[in-house]
Amino acid sequence: MDRRSFFSNVMAAAAFSGLLGEVISPKELMAAVEAAADEPQNANGQFWGGFFDDVDPTKPHSTGARGPGGEPMAQPIPAHIDDAKLPRFFHYDDTNGLRYAEKIDRSELTKMDGAAVVSMSISGFRPSDTDSKRIGDASSAQLQLHATQTTPMAQYIAPLAWASLASVFGRKSASKLPTVDQLNFVDEQGSTGTSGNNRILLPGAEGKLALNLTLPDKHSLLHKVISYGLQGASIAAPLVALPAISVPAIKAFTSFYNILVQNAGFIINSPLKDVVASYDAVDSGNMHADALRLVTGQYLIVPASSTAAIGAQMDNLKMLNGYLVPKSIANNADPTTVAQSALPGVTYATLKVSVQPAADVALPPAQKSGGSPEKGDSGGGDSKDSKKAPPKKKPS
């Protein structure tokens, strides 16, 4: 670990000491930071250490989207990632059913000028029978959703990043599947993908996305926290939601979080993957040829090793309430109950996505104190809706 990372982690440890004080002492946190500084970097540290390199303005981008002749290239995969644990993306909507995400035609993408606002939230998580036991043996797993801009909204500022982390529990502590609100990818009004907290502003309708599912070391500080409080609370529990912070700031958080989990193993291991959310972004020259195309609907994410199992059954499956169920499901059946027995050998997460031009998205309402909303909020820029007069009061 370099000196800069060490001092960033010291500062993060000091910030976390008050939050976790009932479980982990400041002395334990500082000892973990110092131990990490002395240890050689393992595969887990190598993965998270380089996770944001391609969007970090302080580092040269390590890859290009096109070859020497201008032909589009596939996004390279770091050598330390197991191909079988890479995410495979499927898309579902009522019109097209379940299909491979690469089958999304360019014509289905929204035509827009400028930035896109992508509303995104985890809508379901189902571990396979084997992974449920592994998660139960480890006390929990961490489901992590990251999204970043590839270019900043304005000159002289860093690209922004969003992250949501939740703990999920396996067979030893849960007999049913987590609901969306238990995964905590919702706001205080119960919204699952339309609130400002879940909106991701992508300049040029281009960005990056990753979903990782990790098993923390049983001797880690995070395991101690979860064993103390989270596991008894529910079958899924929130950890962190970080909306719209700069890439350098989220790098500091991720570096320190890696110290908390220590030597975490992966069930789904995803580097940041290029995504495009508009018709024109497909051939902008900035994105790799295999960029994920984002359209409104639901995405299914599985480890690559499960691709064949999903492919063999996809014509017989549909998605209800974030879970895969047979098309023949009875009208009065509970989707989460049926989903437990469907595809018992496949671990998956589902992602609810909505795409809009930034110009069509209203700014959040002003604060009650009379303050005006800030421009550049994660919900998008100025719009016609944001300039409307407030509604008239109803007569008493």
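Predicted model: local features only at pLDDT ≥ 70, side-chain atom pairs only at ≥ 80, totals over all residues.
**Entry 1: the cores.** I started with the nonpolar residues, since in soluble globular proteins nonpolar side chains tend to be buried together. The largest nonpolar core here has 43 residues. Leu209, Tyr299 and Leu351 have the most contacts inside this core. Next I looked up which strand gives the most to it, and that is strand E3, residues 116-126, with five residues. Apart from this core lies another one of 20 residues, including Ile81, Phe253, Tyr257 and Leu272.

**Entry 2: Tyr299.** What does tyrosine 299 contact, leaving aside its neighbours within four places in sequence? I found Phe90, His91, Ala101 and Ile104 among them. Leu292, Arg293 and Leu294 are also on the list, and so are Ala349, Thr350, Leu351 and Val353.

**Entry 3: ring pairs.** I looked up the aromatic pairs and got seven for the structure. I picked Trp48 and Phe51, whose ring centres are 4.9 Å apart.

**Entry 4: charges over a ring.** My last stop was tyrosine 279. Arginine 106 lies over the face of this ring, 4.0 Å from the ring centre. The charged end of lysine 111 also sits over the ring of tyrosine 279, at 4.8 Å from its centre.

Key. Residues numbered from 1 in each chain as written. Heavy atoms only, no water. Core = buried A, V, L, I, M, F, W, Y, C linked by side-chain atoms within 4.5 Å. Buried < 20%, exposed > 50% of the residue type's maximum accessible area, 1.4 Å probe, protein only. Helix = DSSP H or I, 4+ residues; strand = E, 2+ residues; numbered from the N terminus. Contact = heavy atoms within 4.5 Å. Phe/Tyr/Trp six-rings, centres within 6.5 Å; stacked < 30°, edge-to-face > 60°. Lys NZ or Arg CZ within 6 Å of the ring centre and 35° of its normal.
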